[in-house]
Amino acid sequence: MAAGMRNPHKGNGTSVGEVSLVINPGRFAMSSPFPIGNHYKPGPVPLRTDPADADVVAAPLPMGGGMRIVVYNRETLPVRVWFCLPFSDEDALTKDGPLPQ
Amino acid sequence: MPAVTPKKWTTLPRVLEPDPGTVDRPVERVVTAPSLLEGAGFPVRRPFPSRAIGFREADPFLLLDHLGAVEYAPGEAKGAPWHPHRGFETVTYIIDGVMTHHDSQGGGGVITNGGTQWMTAGAGILHDEMPPEELVQKGGLFHGFQLWVNLPQELKWTPPRYQSLEAAETTLLTSERADVLMRVVAGELGGVKGPGVTWTPVTVVHASLEPSARLRIPWPRANNAIVYALSGSGAAGPAGVLIREGQAALFGTGDALTLQAAPVPEGPGERMEVLLLGGVPIREPIASYGPFVMNTREEIVQAFEDYQSGKMGTIPAREFHGGGDA
């Protein structure tokens, strides 16, 4: 997905296996780790946002504890995002994740 | 222990012990590396960064992962699938076993039994580090380490590059009594240089100590000093602080590094195996987020956006089997 690409999905609720994160302006947030195999290839992260046209960037990234979906909020207001973790129905953290200093 | 290990050490160049009046570096801290899973689930022990050895103490090093040792059963071997890096170097040294790698610039290779891959990620690259198919199918021993070396601000945007250092290229030295084998991957020891080309002064040595062997070598005062026990046990520093497999000792200031292997080293091998690390600290601000290590938060945001938009490179088409997992 290109930077800031809008999510094609519809709906407002969180479905089974879907992750919801609230991200403050200019901050990162990340999902809980999800398991990957040797043949894993990182790819686009389809997501939907509230506000619907929010400018966010999402990608899988190896972080502490394993591979996570990381989302950066380019907006000046908090944004809620929804996406599904690959290979996992695990619920995710909803914690805003500021950069460690 | 297939890492290059000649049968006869007495014929190797010797690193003479410093004068008795030379100041031995004291051990300031010992940290036991916590265990965790990386990549697709391979076990590592990570002595730093940690509470005891943080970025400040490890500088110019950022991270050390002790890979294994693990005896994989058939189908078990795991690697680190495609991921990005920017702003530093990864040094991967394989003691036992094999690792293959590919990168977004079309490069690739094999690291095996005493070989080293020194990758400057610099401005950014995607790569993978995987067990070869034969190791996955048949299983086998895997043991090594990966070290992250920081780059100063003016070099963080340098184009990515690889140094593939074969085991046979490793500089071999021995102690004054020829009871310690030192494999110099990079840097200088006793006036002799290792094959690795470094951007800043860095020394990386894999040493094997016979039971009760004593190592006392000159260590430049401008460098920091960390000893990590890969296996076995021994006494570090002039006070003889005990370190065991999976523990790192951070040394204070001085001009010599001292270590003595236990008469009967604990662990599976006959010898104490250690990693000796030293470098001149870079002393710049560090902003670190996963596989990106820059100087500012803004540069981290840029790194993430560049990775997400493909500016750091993309997975070569021949490597992509479709059905994106994320």
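**Figure 1. Lining of the largest cavity in this predicted model, by residue class.** Seven nonpolar residues, one polar and two charged make up the lining of the largest cavity (Ala, Val, Leu, Ile, Met, Phe, Trp, Tyr, Cys and Pro count as nonpolar, Asp, Glu, Lys and Arg as charged, and the others, Gly among them, as polar). On a 1 Å grid over the protein atoms alone, a cavity is a set of points where a 1.4 Å probe fits but cannot get out, and lining residues have an atom within 4 Å of a point. Here they are Y72(B), K78(B), G79(B), V98(B), M99(B), E129(B), M130(B), P131(B), L135(B) and F142(B). At least two of the lining residues come from each of β8 (98–103) and β11 of chain B (strands are DSSP runs of E with at least two residues, helices are runs of H or I with at least four, and both are numbered from the N terminus). The volume is about 30 Å³, taken as the space filled by probe spheres set on the points, with grid points joined across faces, edges and corners. How many cavities of 30 Å³ or more are there by this rule? The count is one.

Two notes go with every view. Residues are numbered from 1 along each chain as its sequence is written, while chains are lettered from A and ligands numbered from 1 in the order in which they are written. Local features need pLDDT of at least 70, side-chain atom pairs count only at pLDDT 80 or more, totals for chains, interfaces and linings use all residues, and side-chain values use heavy atoms, with hydrogens and water left out.

**Figure 2. The largest pocket, with a volume of about 780 Å³.** Its lining has 35 residues, and those closest to the centre are E38(B), R46(B), L63(B), W148(B) and G290(B). A pocket is an open set of grid points with protein on both sides within 12 Å along at least five of seven lines. Both chains take part: β4 (56–63) and β5 (66–73) of chain A each give at least two lining residues, as do several strands of chain B, including β12 (140–150) and β26 (287–289). By class, the lining holds 20 nonpolar, eleven polar and four charged residues.

**Figure 3. Where chain A meets chain B.** In this view, 32 residues of chain A are in contact with 30 of chain B, contact meaning heavy atoms within 4.5 Å. About 2900 Å² is buried between the chains, 62% of it from carbon and sulfur atoms; buried area is the accessible area (1.4 Å probe) that two parts lose on being put together, summed over both. Look for R74(A), which forms a salt bridge with E305(B), their closest N and O atoms lying 2.8 Å apart (a side-chain nitrogen of Lys or Arg within 4 Å of a carboxyl oxygen of Asp or Glu). The rule finds one salt bridge across this interface. On the side of chain A that touches chain B, two or more residues come from each of β2 (28–30), β4 and β5 of chain A. The most come from β4(A), with seven residues. That side of chain A has 23 nonpolar, six polar and three charged residues.

**Figure 4. A salt bridge within chain B, between K138(B) and E134(B).** The closest N and O atoms of this pair are 3.3 Å apart. The two residues are separated by about one helical turn because they are four residues apart in helix α2 (residues 133–138) of chain B. Over all chains, the search finds 16 salt bridges.
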